[in-house]
Amino acid sequence: YGRKANVVIEESRRTIASCLNVPATSIFFTSGGTEANNTILTSAFRDLKIKRFVTSPLEHPAILNTLEGLSRYYQADYAFVDVDNNGHIDLQHLEFLLKNQPKSLVSLMHANNEIGNLLPVKEVSQVCRKYNALFHSDTVQTIGKFRVDFLSSGFDFASCSAHKFHGPKGVGFMYVAQGNKLKPFLMGGGQERGMRAGTENIYGIAAMATALKLAYDQADERLK
């Protein structure tokens with residue numbers, strides 16, 4: 001029974017990875033976007049020795065509160081990129097913030113959860129590459145609604161939640177590009193290839209993969 005359950009999990013992982021054009025080994029299941037955001041930011045600070053984070057004042061509390069905690073308790077440094085009156089990121093200011101700042105991580109959501117602005121992810125990725133910064137995006141609002149190719153978008157990390165594309169609540173995943181070696185945020189078990197301890201939500205994972213595949217199968221009608 002355990003092996004059969006594992007087959008379901010790994011098939012679901014491959015389904016999700018295929019939709020996003022990434023290796024299955026880069027997908028790790030979580031309880032949702034909040035856990036994914038916390039894991040990525042905290043583990044990047046701890047394991048990748050990130051010295052500075054760049055985000056915006058319009059981000060989800062799962063980003064802002066995590067960075068505030070890292071700053072308060074561990075003296076992590078973070079800065080806000082400027083946004084205009086319509087909530088659009090100032091790319092020139094982003095470039096200014098990344099100059100002469102080693103080991104930075106930029107965390108900007110793909111679509112704002114309150115005003116709906118879309119981030120120009122490829123342009124942000126190019127700026128990050130220019131200054132050797134890592135790029136994390138909270139894609140909770142866009143996965144299943146847009147054709148998001150993680151490889152061409154240039155993400156190093158991404159966070160997703162199933163309920164935003166009609167999957168069940170309480171399950172999601174994080175994308176960790178190959179080469180970024182994070183250690184587990186939740187410890188005490190060997191699940192998710194040692195990256196996330198705790199019994200997997202098998203029903204939720206399978207339903208999430210099915211919901212995402214349905215969204216992509218109905219792409220002409222549903223996706224942009």
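So, Cys-128: its sulfur sits 18 Å from the closest cysteine sulfur, the one in Cys-160, and that's too far for a bond. A disulfide here means a pair of cysteine sulfur atoms within 2.5 Å. Cys-128 also counts as buried, because its relative accessibility is 0%; buried is under 20% relative accessible area, exposed is over 50%, and partly exposed is in between, with a 1.4 Å probe and protein chains only.

Quick note on what you're looking at: this is a predicted model, where local features need pLDDT of at least 70, side-chain atom pairs count only at pLDDT 80 or more, and totals for chains, interfaces and linings use all residues. Residues are numbered from 1 along each chain as its sequence is written, and side-chain values use heavy atoms, leaving out hydrogens and water.

How many disulfides turn up in the whole structure? The search finds 0. Cys-19 is in none either, with the nearest cysteine sulfur, in Cys-160, 11 Å away. Cys-19 is buried too, at 16% relative accessibility.

Now the cores. A nonpolar core is a set of buried Ala, Val, Leu, Ile, Met, Phe, Trp, Tyr and Cys residues joined through side-chain atoms within 4.5 Å. The largest one has 42 residues, and Ile-16, Val-106 and Phe-150 have the most contacts inside it. Helix H7 (202-217) is one of the elements giving at least two residues, and H7 gives the largest share, 6 residues. Helices are DSSP runs of H or I, at least four residues, strands are E runs of at least two, and both are numbered from the N terminus.

Leaving out residues up to four places away in sequence, Ile-16 touches Ile-27, Phe-29, Phe-173, Met-208, Ala-209 and Leu-212, where contact means heavy atoms within 4.5 Å. There's also a second, separate core of 19 residues, including Ala-44 and Phe-157.
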